[in-house]
Amino acid sequence: MRSTDMNLRVTDHLANERTFLAYVRTSMSLMAFGFVIAKFAVLTHAVPGVQVSASPATLMSAHRLGIVFAALGVLLGGVGSWRFVVVDRELKRDEYHSAPWLAIGVGAATVIAGVLVIMNLLRVL
């Protein structure tokens with residue numbers, strides 16, 4: 001194997017690893033954000049002396065929204081791990097195949113999460 005071929009393979013594998021780490025960071029951020037949303041809803045209801053104008057249904061909606069974000073984080077972590085393994089195998093065989101369906105799925109999940117956030121914010125008004 002020529003030196004340039006070897007360098008190309010190494011950079012491809014390192015790029016795959018960086019992509020996996022981006023999945024991990026995003027996954028952890030979504031889970032943390034979900035936790036904060038859910039706990040903030042509980043905290044605003046539980047703090048003595050603070051009057052919350054939100055109804056119990058709104059607080060429950062915020063709690064559910066937090067669970068949705070945490071679940072999306074878990075799902076994205078699993079997808080990122082799976083994709084890392086698939087791409088690693090493909091790189092080792094010199095036959096990479098893109099996954100446009102993954103981009104469509106992640107994009108759709110992002111749009112759905114955004115709509116849920118907007119609906120939850122409108123519910124508070």
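## Ile-37 in helix α1

Ile-37 is a residue of helix α1. In this predicted model, its relative accessibility is 16%, so Ile-37 counts as buried, the limit being under 20%. Setting aside neighbours within four places in sequence, Ile-37 is in contact with Ala-62, Leu-65, Gly-66 and Phe-69.

Phe-69 is itself buried, with a relative accessibility of 7%.

## Overall architecture and confidence

The protein has three helices and zero strands. Along the sequence, the pattern reads α-α-α. Helix α1 covers residues 3–46 and helix α2 covers residues 56–92, while α3 spans 100–124.

Of the 125 residues in the protein, 22% are buried. The protein exposes about 8700 Å², and carbon and sulfur atoms supply 71% of that area. Among contacts between residues at least 6 apart in sequence, 76% join residues at least 24 apart.

The mean pLDDT of the protein is 85, and 82% of the residues reach 70 or more. Confidence is lowest in α1, with a mean of 86, and highest in α2, at 90. Where pLDDT is low, predicted coordinates should not be read in detail.

A pair of aromatic rings is described by the distance of the centres and the angle of the planes. The structure holds three aromatic pairs. In one of them, the ring centres of Phe-20 and Phe-84 are 5.2 Å apart; their planes meet at 45°, so the pair is tilted. The pair links distant parts of the chain, with Phe-20 in helix α1 and Phe-84 in helix α2, 64 residues apart. Both residues are partly exposed: Phe-20 has a relative accessible area of 22%, and Phe-84 has one of 23%.

Phe-33 and Phe-69 form another aromatic pair, with 5.1 Å from centre to centre and 85° between the planes. Planes over 60 degrees apart count as edge-to-face, so this pair belongs to that class. Here too, distant parts of the chain are linked, since Phe-33 lies in helix α1 and Phe-69 in helix α2, 36 residues apart. Phe-33 is partly exposed, with a relative accessible area of 42%, whereas Phe-69 is buried at 7%. Phe-69 thus takes part in this pair and is also in contact with Ile-37.

## Salt bridges

Side chains of opposite charge can pair when their charged atoms come close. A search of the whole structure finds two salt bridges. In one, the side chains of Lys-92 and Asp-88 meet at 3.0 Å, N to O. Lys-92 and Asp-88 are four residues apart in helix α2, so about one helical turn separates them. Lys-92 is exposed, with a relative accessible area of 54%, while Asp-88 is buried at 17%.

The other salt bridge joins the side chains of Glu-95 and Arg-93, at 3.5 Å from N to O. Glu-95 is partly exposed, with a relative accessibility of 35%.

## Glu-90, a buried residue with no salt bridge

Glu-90 is placed in helix α2. Glu-90 is buried yet has no salt bridge. The nearest side chain of opposite charge is that of Arg-83, 4.7 Å away.

Not counting residues up to four places away in sequence, Glu-90 touches Glu-95, Tyr-96 and His-97. Glu-95, one of these partners, also takes part in the salt bridge with Arg-93.

## The loop between α2 and α3

Asp-94 is placed in the loop between α2 and α3. Most residues other than glycine have a negative phi. Asp-94 has a positive phi of about 60° although it is not a glycine. Asp-94 is exposed, with a relative accessible area of 65%.

Methods:
Residues numbered from 1 in each chain as written. Predicted model: local features only at pLDDT ≥ 70, side-chain atom pairs only at ≥ 80, totals over all residues. Heavy atoms only, no water. Phe/Tyr/Trp six-rings, centres within 6.5 Å; stacked < 30°, edge-to-face > 60°. Helix = DSSP H or I, 4+ residues; strand = E, 2+ residues; numbered from the N terminus. Buried < 20%, exposed > 50% of the residue type's maximum accessible area, 1.4 Å probe, protein only. pLDDT = per-residue confidence, 0-100. Contact = heavy atoms within 4.5 Å. Areas by Shrake-Rupley, 256 points an atom, 1.4 Å probe, with all protein chains shown as cover. Lys, Arg positive; Asp, Glu negative; His and termini not counted. Salt bridge = Lys/Arg side-chain N within 4 Å of Asp/Glu carboxyl O.
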